[in-house]
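Subject: Structure handover

Hello,

Please find the structure below.

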Amino acid sequence: MTDARYLAVKLLSKTFSSGSYSNIQLNSGLNSAELDERGRKLCSAVYYGVIERKITLDHIISGLSSRPLGKLDDIVLNILRCGIYQILYMDSIPDNAAVNESVTLAKSFKKTSASGMVNAVLRNFIRQGKQFALPKDPAEAVSVKYSAPLWLVKKLSEEYSPELAENLLSDSLGRPPVTVRVNPTLVSDEEFAALWKDGGIIKSDILPHCFHFSETDPVHSDAFAKGLFHVQDLASQLCCTAVSPTENDTVLDICAAPGGKTFTMAEMMGGKGKIMAFDLHEKRVKLIREGAERLGLGNIAADTGDATVFNDKLPKFTKILCDVPCSGLGAIRRKPEIKYKNPVEFENLPDIQYKIAQNALNYLADGGEMVYSTCTLNKAENDDVVQRILDNNPCLEPVALPAPLGERFGFKAGIFPCHFGSDGFFIAKFKKNK
């Protein structure tokens, strides 16, 4: 049987070298490994924990190792990261077990010559009371404390405030909440709540049909199979609330996959009216079709389409959701590896986002409304793109967002966890004058 810690180290080395998404890497590894449920949970906890806390862990290791991190073998470094993580953050694992298992890992990976160093580093950390000093510089201290790259700490602090930066980064650590949107075309909120007799479910006081799960994984339930809900963060549900579609609308979701917002809008329309949902790849369009079928939503038509290219066969739409590809910096609590990307990779996104928004406007009917949204808090992708849209389209006017967004934010909202307990998100709304 595969060792859980061995698999975690192996997957971490792949993830950090390839830059692949953590959930894809982990699922692939677990599916091909012979692990019982306990082993799968341990592997997942160590794997995700090290990714979330990598900068913190490296700061600790650099203070304990006589050799610079850059000169350490990547397998050995990941063994140390896993060991420090278990010692510092996993109370269920005895310190000695974390040390001994890490030394064994070094030998299992044929790094026997490094086993003494692994033992010394981990035991020295325990002897010093598991304490470590933060840098004196405030931004560097936040970087180490919340395992966020310095460029991201400075960017969020400068564009918003140090307080909001720390709010997003502190919220990015630990297990994110599981939030779902009940399908009101099939079940009432009261009926849905009654299905979970073991508890662990909390009804949102912000939006209807929204529930938070604290312990249960609802995806493997009969309720999910029957289409009674779909998983969706509160921020995405707020985005759909901003669109405010009704059964009298014809709606375009121009970048729709995997379909969560499409489903919510279809449900808000009572399963009536029409939503056309597009994505570039057929494989992702299939996810929308399958989700719509499971939820019993017959008012969704999903197809492939390039969001940057005008399709003269499409009609005009009264409501459009333009949820564009983005850097994802608002959702790092769900995809922690995003924060380690080189910011240079994000520089071309605003032009792509603007191009998609401009193309979407070609489909907007006179008097119609469009919502532009991202799951990032990078102002170059949000406020700057919105201003560019307004500057180049005099037919558009800003529209105040509906409750609970409008009174706080006006026509555009940069949402942080402290506002609603959701992921970070951005939403802006426009209307096309006749």
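This is a predicted model: local features need pLDDT of at least 70, side-chain atom pairs count only at pLDDT 80 or more; totals for chains, interfaces and linings use all residues.

Strands here are DSSP runs of E with at least two residues, helices are runs of H or I with at least four residues, and both are numbered from the N terminus. Two strands count as paired if DSSP finds at least two bridges between them.

S2 covers residues 201-203 and is joined to S3 by three bridges, in the antiparallel sense. Ile201 has Phe213 of S3 opposite it. His209 lies in the loop between S2 and S3, and its relative accessible area of 21% makes it partly exposed. On this scale, buried means under 20% relative accessible area, exposed means over 50%, and partly exposed is in between (1.4 Å probe, protein chains only).

S3 (residues 210-213) also pairs with S1 (residues 178-182), antiparallel, over four bridges. S1 has another antiparallel pairing, with S4 (residues 229-231), over three bridges. Val180 takes part in both pairings: Phe211 stands opposite it in S3, and Val231 is its bridge partner in S4. Four of the five residues of S1 are buried, so S1 is largely enclosed by the rest of the structure.

**Backbone points to check**

Most residues other than glycine have a negative phi, and most peptide bonds are trans. The following entries depart from that.

- Ala257 and Pro258 are joined by a cis peptide bond with omega of about 5 degrees. Pro258 sits in the loop between strand S5 (250-253) and helix H14 (260-268).
- Ala403 and Pro404 are also joined by a cis peptide bond, with omega of about 5 degrees. The loop that holds Pro404 runs between strand S10 (396-398) and helix H18 (406-409).
- Lys110 is not a glycine, yet its phi is positive, at about 60 degrees. Lys110 belongs to the loop between helix H6 (95-108) and helix H7 (115-127), and it is exposed, with a relative accessible area of 74%.

Asp279 is part of strand S6 (residues 274-279). With 10% relative accessibility, Asp279 counts as buried. Not counting residues up to four places away in sequence, Asp279 touches Ala256, Ala257, Arg284, Val285, Asp303, Thr304 and Gly305; a contact means heavy atoms within 4.5 Å. The C-alpha atoms of Asp279 and Glu37 are 36 Å apart, and 242 residues separate the two along the chain.

His419 is in helix H19 (residues 417-420). It is buried, at 18% relative accessible area. Apart from neighbours within four places in sequence, His419 is in contact with Arg408, Phe409 and Gly414.

In helix H4 (residues 54-64), the buried residues are Lys54, Thr56, Leu57, Asp58, Ile60, Ile61 and Leu64. Their cover includes helix H1 (4-18), helix H3 (37-52), helix H5 (74-89), H7 and helix H8 (138-145).

**Whole chain**

The protein chain has 19 helices and twelve strands. Its radius of gyration is 24 Å, close to the 22 Å of the globule rule for 434 residues, so the chain is as compact as a globular protein of that length. The radius is taken over C-alpha atoms, and the rule is 2.2 Å times the number of residues to the power 0.38. Along the principal axes, the C-alpha atoms fill a box of roughly 75 × 45 × 35 Å.

Of the 434 residues, 51% count as buried. Among contacts between residues at least 6 apart in sequence, 73% join residues at least 24 apart.

**Conventions**

Residues are numbered from 1 along each chain as its sequence is written, and side-chain values use heavy atoms, with hydrogens and water left out. Local features need pLDDT of at least 70 and side-chain atom pairs count only at pLDDT 80 or more, while totals for chains, interfaces and linings use all residues.

Regards
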